[in-house]
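Have a look at the structure first, then read on.

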Amino acid sequence: EAPVFCWQCEQTKSGEGCVAGGACGKTPETAALQDLLMHTLKGLGRAAIRAGKEGEAGTGRFVLKALFATLTNVDFDPDSLASLIREAAARRGALGGGAGGGPAFAPDAGTGTLAEAGRACGVDRDAPSPVLASLRETALYGLKGLAAYAWHASALGREDPSLFAFACGLLAKCLDSTLGVPDWLALALKTGEANLAAMRLLDEANTGAYGHPEPVSVPLGHRKGPAILVSGHDLKDLAELLEQSEGAGVTVYTHGEMLPAHGYPGLRRHAHLHGHFGTGWQNQRRELPAFPGAVLFTSNCLQGPAPAYAGAVFTSGPAAWPGAPRIQAGPDGAGDFAPVIEKALGLGGYPDDAGGGSLRTGFARNAVAGLAGRLIGAVKDGLVGRFLLVGGCDGGRPGRGYYREIVEKAPPDTVILTLGCGKFRFNDLDLGDIGGIPRLLDLGQCNDAYSAVQIALSLAEAFGTGVNELPLRLVLSWYEQKAVAILLTLLHLGVRNILLGPSLPAFIHPEVLRTLVDGYGLAPISSAEGDLEQILAG
Ligand code: FSO
Ligand code: SF4
């Protein structure tokens, strides 16, 4: 039996690759189904291109959803993946495409048969050469990240046919044996460019629907009574849940990447959206047993639920766990969150009210633009010496204490910008302010990286310089494929000297790494003190 291999995230076993099951909890069956889905999507992309229908919304939306399902910590459900494979094959067939050199399977093949077929479609690290495979997989992982952003935007009605076409085109190119290493290097950077467009679309979608985030203080305590915890990144699901639970006697809390939702006026207007619960995604199995309500995962990062709360877990959008109820669309097309509300009411919730500190968020691009005059003045007056963007993903493996340390040890004239779930390593720190400007500015989710790019570009404009000449350094933590997409975007924008950790991606071949080091000054993190010394000297 061919082993199932996966190396797409930072948690990959021994820093090399997961074989026969994932450190994330992905079973060999799930991994093989994801491989077959990726293969079928490549054929679908090629068929769409050949039919001249690569920009069509039907195919495009499906491709985004299916790619999203293969992202780390999203869809662990074999039956859900099998139905995506069947739909991909049906769409491929309808566009006149065949199996494309991969396994053929009957349209009604069972999940087990499909998983068997998937074992022949794994990542080939050596074909046609290790360097090309590394670049191809880098571009594909970036595409998965792009798909996640574009999917969230699409859910809110913002779509761009050129992104559908880009996704189909890149998938099709994976089947094109005439492409060489320079082609794939260019395609990886193109993926970064397309991802910038996807992030812009998502920014427009979120701010268009719910307004521009404003700085807020989010309570960490709780209110007496039934409780719902919402995790993941999808603001539309949270908004619909809030609308449907209005007056139902439940209190809604955010978890993980949902923290910045509190900053949006269109979400905050719901008085029963109260506070935040828990820290980074990797702590969910330890922390969620203490949450006395229903838990909704709207996207990554989902882990296998611990028995203490498994019966209270629901998923929506692309997220799926075998046996956990999945929210279905109601007659109006919105998700029907009644089962989540009922579960929360049945569980009873918290017996009392409790305080417990707070976290600040909501410093997205519009809020920072409001601070811009003061920020620029503070830099000119020498009060702010430097900006550090310490952001990205959190994760379970050792080495991430670095990010807290670098924030703690940064000189007092440093303003820390952050985004993504990596912030939970240090967002409990009270860093004070500089002349009324908070030293720690939470720009939002990893999905809000567009805000960070805009802030950097406006600072550069204000100082009449380029981003690389600003007193700004990016210290990124990566975990899954959205981080790959953002990294490719930053490289496409020509951002130099990024520090990346806690370890480098296993799929980056040493020769590819050399190109990134030579061309962009990309460097792995070392020690917080050593890196700070080098940053301050720069
Ligand atoms: Fe984190 Fe997970 Fe937002 Fe990622 S919750 S790790 S880059 O999936 O999405 O930052
Ligand atoms: Fe391993 Fe990450 Fe792949 Fe899961 S997603 S199987 S942890 S490399």
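## Around ligand 2

Ligand 2 sits among Cys 6, Trp 7, Gln 8, Cys 9, Thr 12, Cys 18, Gly 22, Ala 23, Cys 24, Lys 26 and Thr 72 (a residue counts as near if one of its heavy atoms lies within 4 Å). Sorted by class, this shell holds 6 nonpolar, 4 polar and 1 charged residues. Here Ala, Val, Leu, Ile, Met, Phe, Trp, Tyr, Cys and Pro count as nonpolar, Asp, Glu, Lys and Arg as charged, and the others, Gly among them, as polar.

## About the model

This is a predicted model, with local features needing pLDDT of at least 70 and side-chain atom pairs pLDDT 80 or more, while totals for chains, interfaces and linings use all residues. Residues are numbered from 1 along each chain as its sequence is written, chains are lettered from A and ligands numbered from 1 in the order in which they are written, and side-chain values use heavy atoms, leaving out hydrogens and water.

## Around ligand 1

Ligand 1 has His 233, Glu 257, Trp 281, Asn 300, Cys 301, Cys 393, Cys 421, Cys 446, Tyr 479, Glu 480 and Lys 482 around it. By class, that's 6 nonpolar, 2 polar and 3 charged residues.

Which side-chain atom lies 2.7 Å from an oxygen atom of ligand 1? It's a polar one of Asn 300. In the side chain of Glu 480, an N or O atom is 2.4 Å from a ligand 1 oxygen atom. Cys 421 uses its backbone instead: a polar atom there is 3.3 Å from an oxygen atom of ligand 1.

Terms used:
A polar contact is a pair of N or O atoms within 3.5 Å; within protein, one must be able to donate a hydrogen and the other to accept it, and residues adjacent in sequence count only if both atoms are side-chain atoms.
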